[in-house]
Amino acid sequence: MAKFIALFCLFVFVAGCSCPATKVKHTATEEKEELLELASDRHTIESRFFKLTLFPGVSGGIENIVLKGQNTPLLWGGKLVQVSNGPLVVRPQAFGVLFSEKFWRAGEVISNMKVQKTATDSVTLYCPEYGTSSAELVRHITLGKDELSVNFKVDVKFLKEPRKGYSSPWLNLMPARDMDWVTALPGRGNEAVNGLGTKTYFPATAIYRGGVKGGGQNTYFAPARAWAAVSSAKKGVALAIIHDYPLEKCTLYSWKGHYEGTVGRTIEFILPALKLDKELRGSWNYRLLIFPGITDLREICNDTAIEYRQNGKMLTMRFCPVRKVPAQKVELFLNEKGKTTALGAKTLAALDAGKVGELTFELPQDKLSGTISGTLNGKPFSILPVIK
């Protein structure tokens, strides 16, 4: 009998638990997400050519570089926004793409950098523990005096020995949207080993517009030049990253995809692992060069962009320096089927920074089936063929 009563009580308990709970009416409203752009943390430097804006509080990320003469923003751009989900949940968040210092494989964490020193055309930023790298980092940004360059020097002191492969500076630049950029990625052909130790194969040493067949749009290259660039015929300007590190220790990369509702492409260099002293200090430097009037950059020599335009037998060479230069001698050669033909030597008139000078040479025939090389003020250059 006792067992029966126990089972009956258990049945009543389970049955009671299966009944739907009564809804409780309330007057609370759903919190609405609100966005407020934060402009107070924006820092600006400028020269007669550029205005550069950055956010110290978001890893010192560069918001944009605006070419004053054309009022043209050169980078993708980003902003710092305060996101509110009610009064108790308020947080800052970065939108878009900000150009900041990165270490390959180290991941990204927003670091609050402080303006250590600034002038009209330069700024020095400092962070005692940058990103996930356990590193003290100082970033110097200087706009070139009377030249179309942005110069970066970065000093770092690791707080502990970085893991192997985690101390390579990574230059990851995303040019502005809606400018119909044409990419120039100078890659080595045949079997080549890039700075990451990966052996790659490409049809030829050439300028690649994107990836290679079968490799998609995103490809690692063994670089054939110490620069990578994009050019815009729509805006009449070219933008290049340039460095002076050994090419065999570097890797060139590019990503293309949809971002924020449109198509974007990056130009990227992974530099050699830093050489650290006994106090775990190291440094690196690089530059951004801007060339107004250049619509298909094919070579850089003496900080001068070179492109050409062909009309039948007439070949027009176009030169644009980042700084004022005197008159220079230009020699030009056609290299075809193992044979080199001199096309002549001419004098390029003196040029101001960002101004394009042109020289015209005559080809042996209408079709240009070889490659062009030459010297600019005695320094050799060679224009690589294009593989789309």
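The model is predicted: local features need pLDDT of at least 70, side-chain atom pairs count only at pLDDT 80 or more, and totals for chains, interfaces and linings use all residues. Residues are numbered from 1 along each chain as its sequence is written, and side-chain values use heavy atoms, without hydrogens or water.

**Sheets**

Strands are DSSP runs of E, at least two residues, numbered from the N terminus. Two of them pair if DSSP finds at least two bridges between them.

| Open sheet, strand order | Strands | Pairing |
|---|---|---|
| β30-β29-β32-β33 | four | antiparallel |
| β8-β13-β24-β21-β18 | five | antiparallel |

The twist from one strand to the next averages 20°, with axes fitted as lines to C-alpha atoms and angles running from 0 to 180 degrees between N-to-C directions. Five bridges pair β32 (residues 371–376) with β33. T375 has P380 in β33 as its bridge partner.

Four bridges join β13 to β24 (residues 267–270). L173 faces I267 in β24.

**Cores and a buried residue**

A nonpolar core is a set of buried Ala, Val, Leu, Ile, Met, Phe, Trp, Tyr and Cys residues joined through side-chain atoms within 4.5 Å. Buried means under 20% relative accessible area, with a 1.4 Å probe and protein chains only. The largest core has 73 residues, and W284 and F291 have the most contacts inside it. Beyond four places in sequence, F291 contacts (heavy atoms within 4.5 Å) residues including G236, L297, I300, D303 and V322. A second, separate core of 20 residues includes I306, V325, L351 and L359.

I141 lies in strand β11 (residues 135–143). Its relative accessible area is 0%, so I141 counts as buried. Outside four places in sequence, I141 touches I45, L52, D121, V150 and F152, among others. L125 is 16 residues away along the chain, and its C-alpha lies 8.4 Å from that of I141.

**Largest pocket**

A pocket is an open set of points on a 1 Å grid where a 1.4 Å probe fits, with protein on both sides within 12 Å along at least five of seven lines; lining residues have an atom within 4 Å of a point. The largest pocket holds about 580 Å³. It is lined by 28 residues, and V97, L98, S100, K102 and E108 are the closest to its centre. The elements giving two or more residues to the lining are β7 (90–97), β8 (102–103) and β13 (169–173).

How values were computed:
Buried means under 20% relative accessible area, exposed over 50%, partly exposed in between (1.4 Å probe, protein chains only). Grid points are joined across faces, edges and corners, and a volume is the space filled by probe spheres set on the points.
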